[in-house]
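User: I have a model open here and would like to talk it through with you. Could you start with the terms and then go to the details?

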Amino acid sequence: RLTILYISSLGAIATLAIMGQFRVQRLINEQKLDIQVITATQRQQLISQQLVKSTLAMRLPMADDARQDHVEHLQAVIQSAESWQQTLIDLQTATHLSGSQQQQVQAMSTDLSQDYGILINIAKKELANADANARIQGQRPKLLDLARLLKTEKAFINDMDRLILAYNQQVALEASRLKRLERGLFFVTITVLLLEGCFIFR
């Protein structure tokens with residue numbers, strides 16, 4: 001009988017350890033995904049600021065060679081902005097959030113995508129108007145575009161801050177869950193070992 005109890009207790013401990021490890025690894029992977037989303041969001045936020053500054057700088061008087069260098073720089077920033085936007089979309093597609101959280105993040109992401117699209121389109125329009133004749137002829141529309149650029153940037157940065165805050169809260173929640181799970185597994189394992197000792201040395 002003691003042998004059966006001993007084997008049963010060892011089996012219970014092994015089962016708890018295996019199940020606990022599966023759950024711990026799942027929580028760790030979820031945290032890694034959240035951190036990747038936060039990193040991509042912060043990177044996209046930084047690039048959006050570079051995009052706005054580079055677009056505004058296109059209105060400054062400069063020599064032709066300097067303007068050409070700035071055009072190439074703005075083209076590179078636009079490519080980077082589009083690349084990080086796709087990266088963030090891919091990461092959010094693989095998200096593990098609950099239904100309500102997913103809807104909240106999806107709503108924020110939709111607004112961010114629209115604002116980001118506006119920033120990129122205005123930057124591309126500025127590139128298209130890079131020659132002197134286009135700058136003179138398109139001065140009034142561009143002023144409206146630049147005003148919209150600044151307004152959109154402010155809304156974009158605020159929405160980005162909200163998205164980062166939402167994922168930071170999710171990371172904190174998952175860390176708390178992981179801590180509770182580890183404590184629970186520890187206490188259950190200790191309880192099983194104590195019961196095993198009581199049965200053996202009774």
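Analyst: Let me begin with burial: a residue is buried under 20% relative accessible area, exposed over 50%, and partly exposed in between, using a 1.4 Å probe and protein chains only. This is a predicted model, in which local features need pLDDT of at least 70, side-chain atom pairs count only at pLDDT 80 or more, and totals for chains, interfaces and linings use all residues. Residues are numbered from 1 along each chain as its sequence is written, and side-chain values use heavy atoms, with hydrogens and water left out.

User: How many salt bridges does a search of the whole structure find?

Analyst: The search finds 2 salt bridges, where the term stands for a side-chain nitrogen of Lys or Arg within 4 Å of a carboxyl oxygen of Asp or Glu. In one of them, Glu 82 and Lys 124 meet through their side chains at 2.7 Å, N to O. That pair links distant parts of the chain, with Glu 82 in helix α2 (residues 64-93) and Lys 124 in helix α3 (residues 99-128), 42 residues apart. Helices here are DSSP runs of H or I with at least four residues, strands are runs of E with at least two, and both are numbered from the N terminus.

User: Changing topic, what does Ser 54 touch?

Analyst: Ser 54 lies in helix α1 (residues 2-57) and is buried, at 5% relative accessibility. Leaving aside neighbours within four places in sequence, Ser 54 is in contact (heavy atoms within 4.5 Å) with His 70, His 73, Leu 74 and Val 77. With His 73 there is also a side-chain to side-chain polar contact at 3.4 Å; such a contact is a pair of N or O atoms within 3.5 Å, where within protein one must be able to donate a hydrogen and the other to accept it, and residues adjacent in sequence count only if both atoms are side-chain atoms.

User: What about the largest nonpolar core?

Analyst: It has 34 residues, and those with the most contacts inside it include Leu 74, Tyr 116, Leu 119 and Phe 156. A nonpolar core is a set of buried Ala, Val, Leu, Ile, Met, Phe, Trp, Tyr and Cys residues joined through side-chain atoms within 4.5 Å. Helices α1, α2, α3 and α5 each give two or more residues to this core, and α5 gives the most, with 10 residues. Not counting residues up to four places away in sequence, Phe 156 touches Tyr 116 and Leu 119, among others.

User: Which element has the lowest mean pLDDT?

Analyst: Helix α4 (residues 132-137) has the lowest, at 46, while α2 has the highest, at 82; pLDDT is the predictor's confidence in each residue, from 0 to 100. Over residues 132-141 the pLDDT is below 50, and beyond near neighbours in sequence this stretch has 6 contacts in the model. Where pLDDT is low, the predicted coordinates should not be read in detail. The chain averages 77, with 81% of the residues scoring at least 70.
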